Amino acid sequence: MSDVLSTPSLWVLGALIAYAFTYFVYSKWVDEKVWEVSADRTTPAHMYMDGVEFFPVSKSVLWGFQFKSIAALGPILGPFIAISYGWLPALIWIILGNMFIGWAHDYSSIMISVRNEGRSMGPLVYQYVGGDRPRTILLGYLLFYLLIISAVFIYLIALFWNVFPGTFLATVIVFIAALIVGQMLYKYQMNVYTVTIFAIIMIAIAVWVGAAVPWPPKDFLGPDYTMLTWSLILAVFLFFAALASMPTFITPMNFISAFPAIGGVIILIIGALLTPLTGISLGQPSIGKFDVLIGNIGPGPIFPVLFVSIACGAVSGWHSLVGSSTTAKQLDVEIDARPVGAGAMLTEGLLALSALAAYMIIPAGSDVFQKGKVAAFVTGAKELAAAYLGGEAMLPFWASFFALFLVIYAFTVQTLVTRYWRLVSGELFTGSLSFLGNKYIATIVGLLIPILFALSGSWLNLWIYFGGSNQLLAGLALFLTAIIVAKMKRPSGYVIGPAIFMLIVTISALGWETYLYAKKVMSYLQTGDVNVLFANPPLKNYPLAAFFMNVVFVVIGIILIGLGFLMAYYLFKSYSAARSEE
Amino acid sequence: MTTLKKIIQSFREFLFGAFYMDLYRDSARMAREYKDFINLLLLGEFLGLPILSTSITLRLIPYLYGDLANWKRRQLAEKDVTDEVPDIM
């Protein structure tokens with residue numbers, strides 16, 4: 001028994017039992033008593049069926065689609081920060097976050113859309129929260145959110161290219177494969193399964209090249225300029241990718257990236273569950289320090305940082321946007337909302353636990369947390385995979401695979417974010433600022449600002465800004481649900497409690513990060529020493545620019561908190577009005 | 001259908017949803033955009049846009065008829081950027 005206890009599997013299985021309770025008891029109660037779902041009520045998929053946006057599909061297809069839509073790097077990289085506090089707090093947050101907040105958020109965002117003709121978040125906010133102003137606040141909020149998420153992912157891709165030599169070549173092979181797949185699918189209209197086989201072979205070649213040709217070496221342009229160079233190379237790729245027509249690059253890239261991405265996720269989950277048989281045991285301590293600062297940087301105190309560092313694995317605001325804008329339009333019957341919304345989110349929780357397991361098995365005192373930072377994921381994941389797929393001989397292959405897995409995931413996300421930034425810019429900037437909505441200018445702005453952000457902070461700090469904004473969005477979506485449920489005269493406790501918790505946690509986290517940056521700015525003003533600022537090379541060589549960027553982050557923090565408070569005010573007002581309605 | 005068959009069927013559907021549904025949706029959306037242009041080109045005259053001769057339009061109407069109601073709804077529907085959010089998280 002003690003052997004089993006010292007592997008991650010028992011904890012993952014424990015979580016599965018908790019999730020089973022959530023799914024079969026708690027979510028069922030909400031489904032039946034709060035929403036009173038009925039198989040007889042017509043869903044938008046039938047009401048407006050057009051075979052493109054609106055069409056009914058089975059719950060298993062939609063579950064797979066929803067899982068693919070919400071499973072990305074959030075639950076994989078987030079636990080890296082959280083494990084600084086020991087794996088137990090992270091595990092508890094992933095389990096409880098999913099049980100009481102995550103599934104409720106995803107399920108409810110589908111339901112509010114299904115009950116409102118398949119409308120997405122923007123129109124729902126307009127309808128229920130009081131017109132144009134809250135909707136514009138939401139858009140403005142999205143714009144800042146996209147900048148921060150871009151900064152995080154641009155930094156991460158550049159970092160992965162740097163710390164995993166060979167990954168860049170592998171990525172280029174995948175790009176070429178995507179271009180060819182686009183031609184095969186849309187120009188030559190080849191059978192999709194033939195194309196699938198071609199894509200999988202190309203990805204296998206990319207992984208092999210990544211392992212066999214570790215070029216260019218780490219820091220090939222020196223510690224000061226390598227990251228900047230990778231960021232700029234990436235920006236060029238992203239510029240063309242985001243501006244190319246959908247069938248040329250984005251659609252085939254999304255298509256082929258799903259194979260290593262979802263494949264990697266499945267390999268990871270199985271690896272974590274098989275640990276009692278494969279003999280991989282826990283290495284990290286269950287409890288760590290609760291107020292962590294690694295050198296000059298670090299996540300900070302466990303409250304509120306833990307709750308925003310693991311965002312998507314426990315609860316994520318972005319899911320409400322995806323759930324309401326796409327999934328809700330394909331729901332066959334209302335009773336499918338629970339298996340799709342709650343089912344996919346709880347599966348995502350399982351993914352977060354498996355990713356956590358990859359960090360849990362790294363031996364205590366290992367230097368990967370200090371040296372390679374996020375590379376720690378690859379260290380753990382390759383062990384989990386090789387233990388049951390190929391043994392030690394396959395370790396280099398799995399290392400290359402999981403490094404490519406991270407890059408492809410991040411790149412696909414970033415292409416979509418850059419493109420979406422352009423769409424939001426076009427919508428938001430009108431009148432004298434309409435030039436900012438021009439597709440070329442918007443794309444350049446949407447890439448250069450994040451690169452500057454990435455150079456001026458560690459990814460830990462950016463991640464907390466990103467997690468904070470993302471979770472705040474979740475709080476707002478839960479609040480919106482509470483308004484709609486209150487209008488229906490049904491009990492709203494299952495969403496209003498989590499909504500208030502998320503607002504407190506996220507505004508505290510954003511406040512913490514703003515305070516950190518403000519502290520750096522004040523220290524610089526007192527000492528004039530650039531080392532007290534958050535700045536990566538080469539920005540560090542230009543003290544005034546570094547100082548300016550730190551001030552910018554203080555301002556962004558204040559704006560995000562301000563927008564969050566403003567939106568919360570409108571939501572609370574509407575919620576009170578909805579409750580007092582006769 | 002036996003339970004095992006049901007499980008296998010559900011698993012296959014899950015894989016379809018995870019790997020192919022996005023491709024289907026994106027492709028269908030692109031096809032629809034082209035279709036909307038054709039609709040506008042052919043039926044624009046009915047809306048007051050002098051584009052093609054009515055005789056061609058009338059001959060093509062049987063082919064367009066099936067999608068007319070949806071086309072009208074699409075054109076009149078409110079557009080919002082949150083409709084277009086990508087799957088990133």
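Helix axes here are lines fitted to C-alpha atoms over the stretch in contact, with angles running from 0 to 180 degrees between N-to-C directions. Helices themselves are DSSP runs (H or I, at least four residues; strands are E, at least two), numbered from the N terminus. We're looking at a predicted model, where local features need pLDDT of at least 70, side-chain atom pairs count only at pLDDT 80 or more, and totals for chains, interfaces and linings use all residues. Residues are numbered from 1 along each chain as its sequence is written, while chains are lettered from A and ligands numbered from 1 in the order in which they are written.

Start in chain A. The axes of helix 6 (residues 87-114) and helix 21 (residues 459-487) of chain A come within 10 Å and cross at roughly 50 degrees. So helix 6 of chain A is oblique to helix 21 of chain A (under 35 degrees would be roughly parallel, over 145 roughly antiparallel, 65 to 115 roughly perpendicular, and the rest is oblique).

Who touches whom? Helix 6 of chain A brings A:His105, A:Ser108, A:Ser109 and A:Ile112, and they meet residues of helix 21 of chain A including A:Ala474, A:Leu478 and A:Ile484. Contact means C-beta atoms, placed from the backbone, within 7 Å.

Now hop to chain B, which has three helices and zero strands, running α-α-α from the N terminus on. Its C-alpha atoms fill a box of roughly 60 × 35 × 15 Å along the principal axes. Of the 89 residues of chain B, 19% count as buried, that is, with 20 or more other C-beta atoms (placed from the backbone) within 10 Å of their own.

How values were computed:
A residue is buried if 20 or more other C-beta atoms lie within 10 Å of its own, exposed if 12 or fewer, and partly exposed in between; C-beta atoms are placed from the backbone. Two residues are in contact if their C-beta atoms, placed from the backbone, lie within 7 Å.
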